[in-house]
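Visitor: I have a new structure to look at. Can you walk me through it?
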Amino acid sequence: MTNYMPPKVWEFEKASMGGKFGGINRPTAGARHTQNLPKGDKPYQLYSLNTPNGIKVNIILEELKVLGLLDYDAFKINIMAGEQFGTGFVDINPNSKIPALVDYSTDTPISIFESGAILLYLAQKYDRFLPKDSAKNAQTLSWLMWQMGSAPFLGGGFGHFYAYAPEPIEYAINRYAMEAKRQLDVLDKHLTNNQFVVGDEYTIADMAIYPWYGALVLGKLYVGQNDYANYDASQFLSVHEYTNVISWAKSIQSREAVKLAENLSLRPIGE
Ligand SMILES: N[C@@H](CCC(=O)N[C@@H](CS)C(=O)NCC(=O)O)C(=O)O
């Protein structure tokens, strides 16, 4: 049992944080310093990182690029250095989180943030990876929103407490490990008779789900070492149980655009 009792009023100044990401966030929003964003000459400017949320957008950009439909410049926002709190980035995403995209192919530039919104925006604009058939369209949107709603429990919940917290907290790890396994089972059961998330069609739902749940069952998420343990989420969560998710993830991983997306090179914004 912990000695901690929540005070009557929580105060940031008195709260101990620690852990890998403890120093980044504050309970306030907005820019913390002046920093303009560089811009290349391509129609789209991506400001991001190769994390699961970032890779979702890399995938659709690379898929559309492979089809010859668009081109883009990619810049790296170093979140550990606080670049998400610079004025230029906050102007395009007031939530200060990667990924963010600016579309300069329109009369007035359009900024978009939230990976799910970016996937939907590009899929609608190019009429690709979003089925027109009403039933399939509804399924694509359902699974896209499922991912957006579920992944914070996998990342901010399970991943955070299992790998990044300054100390292991049994209750938190148990609660989120159970939720992560429940989500994997939802996906595994759904994929029993489906090649992709929406039947036989590769859609933005696959692009959204793969960098989180696909990467997890392929052993690419939360593998490493912190101050108190070596950790490997694929072993801890017995991901070998989710055979349908594994086959699906392998097929998505083998796509040319996905390989490019996972290893996308992003230019520093400081140059
Ligand atoms: N719901 C958002 C989540 C984005 C997000 O959490 N991005 C993380 C990196 S994966 C980030 O920028 N963190 C920086 C911070 O919290 O300050 C999306 O899907 O775009």
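Guide: Start with a term: two strands pair if DSSP finds at least two bridges between them. Keep in mind that this is a predicted model.

Visitor: OK, how many bridges join β2 to β7?
Guide: Two bridges join them, and the strands run parallel. Strand β7 covers residues 267-268. Opposite Arg267 in β7 stands Phe75.

Visitor: And in which sense do β1 and β2 pair?
Guide: In the parallel sense, over five bridges. Strand β1 spans residues 44-48. Leu46 has Ala74 in β2 as its bridge partner.

Visitor: Through which helix does the chain cross from β1 to β2?
Guide: Through α1, residues 52-66. This β-α-β crossover is right-handed.

Visitor: Why is β2 called largely enclosed?
Guide: Four of its five residues, in the run 72-76, are buried, so the rest of the structure largely encloses β2. Buried means under 20% relative accessible area.

Visitor: New topic. How many residues are in the largest nonpolar core?
Guide: It has 66 residues. Leu122, Ile204, Tyr222 and Trp248 touch the most other members. Helix α6, residues 204-217, gives the largest share, 11 residues.

Visitor: What is Leu122 in contact with, leaving aside neighbours within four places in sequence?
Guide: Tyr44, Ile60, Leu61, Leu64, Leu70 and Leu101.

Visitor: Now charges. How many salt bridges does a search of the whole structure find?
Guide: The search finds 14. Lys42, Asp73 and Arg267 are linked in a network of them.

Visitor: What does Glu201 pair with?
Guide: Glu201 meets Lys136 in a salt bridge, 3.4 Å from N to O. Glu201 lies in the loop between α5 and α6, while Lys136 is in helix α4, so the pair ties together parts 65 residues apart in sequence.

Visitor: Is Glu201 buried, exposed or partly exposed?
Guide: Partly exposed, at 29% relative accessibility. Lys136 is also partly exposed, at 26%.

Visitor: What about Asp185, which residue does it bridge to?
Guide: Lys189, with the closest N and O atoms 2.6 Å apart. Lys189 counts as exposed at 56%, whereas Asp185 is partly exposed at 30%.

Visitor: Last one. How far apart are the closest N and O atoms of Lys14 and Glu11?
Guide: They are 3.3 Å apart, in a salt bridge. Lys14 is exposed, at 66% relative accessibility. Glu11 is partly exposed, at 37%.

How values were computed:
Residues are numbered from 1 along each chain as its sequence is written. This is a predicted model: local features need pLDDT of at least 70, side-chain atom pairs count only at pLDDT 80 or more; totals for chains, interfaces and linings use all residues. Side-chain values use heavy atoms; hydrogens and water are left out. Buried means under 20% relative accessible area, exposed over 50%, partly exposed in between (1.4 Å probe, protein chains only). A crossover is right-handed if, with the strands pointing away from the viewer, the path from the first strand over the helix to the second runs clockwise. A nonpolar core is a set of buried Ala, Val, Leu, Ile, Met, Phe, Trp, Tyr and Cys residues joined through side-chain atoms within 4.5 Å. Contact means heavy atoms within 4.5 Å. A salt bridge is a side-chain nitrogen of Lys or Arg within 4 Å of a carboxyl oxygen of Asp or Glu.
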